[in-house]
Amino acid sequence: VGGVSIGLRPQDLFRRLHAPSHYDGPHGAVTAGGHIWCLPHKRGAKQPEGRLAVKKLADHVEELILMQENMNLSLAFDACEDNPVNTSMAAAGRCNPTGEPRQAYEISQDVHKQLTTILGVIRDLSGDSAESERKACQKRMPGEDAIELLEQLIAEDVPVQLLAQLDILEFEARKDVMNVCCALLRPGMPPQIDKQVVDYLSYHPNLFKVLVEGYSNEETALLHGVVLRSCARHVELAESFLTSGLVFELVRYARHPSIDISSDAFYTLREMLLAHKEVSADWLDKNFGAFFELFNALLMSGEYIAERQAQKLLTEILLDKHFR
């Protein structure tokens with residue numbers, strides 16, 4: 001029996017709540033691959049490349065978190081050289097910290113490669129593979145192995161962790177993160193994994209905060225919005241979002257100076273309120289005063305587009321029998 005590691009990473013507690021027992025054991029070595037990998041069918045001592053892709057993504061998450069921490073430290077100690085008070089800090093080497101694990105571009109390239117593998121597995125599992133992908137990789141991962149792979153992806157908390165570090169990644173990798181998250185929420189997934197995905201996201205302590213706060217960054221705002229609207233497909237996730245209280249922040253982003261962000265935030269707000277009316281009607285009844293105090297500000301904002309969108313949504317609510 002090999003040695004047992006006692007080191008814990010920050011998100012290990014959350015991961016272990018969801019980790020299936022059949023993932024216990026040492027990780028194999030990581031090997032590089034192409035854009036689309038033909039995943040092995042047989043079980044053996046060597047881990048399938050799909051699982052290695054998840055392992056590499058989990059490692060990249062750690063690198064991105066460390067990179068973000070170093071960037072924050074660089075900003076915090078940016079004035080060390082000019083501020084005499086911080087001379088001792090500079091002498092101790094605490095200013096302008098370096099030693100990032102890898103450059104963001106290099107990590108993004110590999111994240112893109114690994115997510116391409118994961119996305120192919122999800123599409124095969126949901127029966128949504130493109131013809132070009134089928135020709136490039138004739139062999140497909142058996143359904144049982146594909147489900148285990150996605151269970152491992154969830155157990156490692158990879159989807160939400162990558163969403164949280166989206167601003168560090170390059171554009172193509174950002175789109176891949178969005179596509180994988182949306183594919184996991186798309187109808188047609190086997191019930192076994194569909195329930196696990198919904199439970200994982202419904203009870204995640206940071207998911208909706210990450211998605212809503214994503215509207216503060218113009219480069220990633222629309223990507224976060226797409227994932228948030230994908231969550232609205234499931235009544236459990238829509239209810240979790242409404243009860244989180246973050247819908248009020250969404251109303252505020254609907255008045256963002258950027259027309260792209262404000263329109264996208266309003267579109268997301270509409271989906272959350274109208275996709276599952278039996279849930280949102282009950283929530284609006286309980287939070288009528290607080291919600292419409294903010295919503296009335298949209299109606300009286302003096303901004304033509306915001307007012308028209310708010311009027312249209314209000315009309316739909318008032319005319320629907322669920323909200324009476």
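**Salt bridges and a nonpolar surface patch**

In this predicted model, a salt bridge joins the side chains of Glu 172 and Lys 175, with an N to O distance of 3.5 Å. Both residues belong to helix H8, which spans residues 171-184. They sit 3 residues apart, and about one helical turn separates them. Glu 172 is partly exposed, and its relative accessible area is 41%. Lys 175 is also partly exposed, at 28%.

Side chains of opposite charge can pair when their charged atoms come close. Across the whole structure, the search finds 11 salt bridges.

Helix H2 covers residues 49-76 and holds both Lys 55 and Asp 59. The side chains of these two residues form a salt bridge, at 2.7 Å from N to O. Lys 55 and Asp 59 are 4 residues apart, or about one turn of the helix. Their surroundings can be compared by accessibility. Lys 55 has a relative accessible area of 17% and is buried, because buried means under 20%. Asp 59 reaches 28% and counts as partly exposed.

Lys 56 lies in helix H2, whereas Asp 110 lies in helix H4, residues 104-126. The pair therefore ties together parts that are 54 residues apart in sequence. Asp 110 and Lys 56 are both buried.

The surface also carries a nonpolar feature. Ile 259, Tyr 304 and Ile 305 form a nonpolar patch there. Together, the three residues have about 320 Å² of accessible area. Ile 259 is placed in helix H14, which runs over residues 259-274. The relative accessible area of Ile 259 is 41%, so this residue is partly exposed.

The Asp 110 and Lys 56 pair instead connects helix H4 with helix H2.

Terms used
Residues numbered from 1 in each chain as written. Predicted model: local features only at pLDDT ≥ 70, side-chain atom pairs only at ≥ 80, totals over all residues. Heavy atoms only, no water. Patch = residues over 30% accessible without salt bridge, like charges linked within 9 Å, V, L, I, M, F, W, Y side chains within 5 Å. Areas by Shrake-Rupley, 256 points an atom, 1.4 Å probe, with all protein chains shown as cover. Salt bridge = Lys/Arg side-chain N within 4 Å of Asp/Glu carboxyl O. Helix = DSSP H or I, 4+ residues; strand = E, 2+ residues; numbered from the N terminus. Buried < 20%, exposed > 50% of the residue type's maximum accessible area, 1.4 Å probe, protein only.
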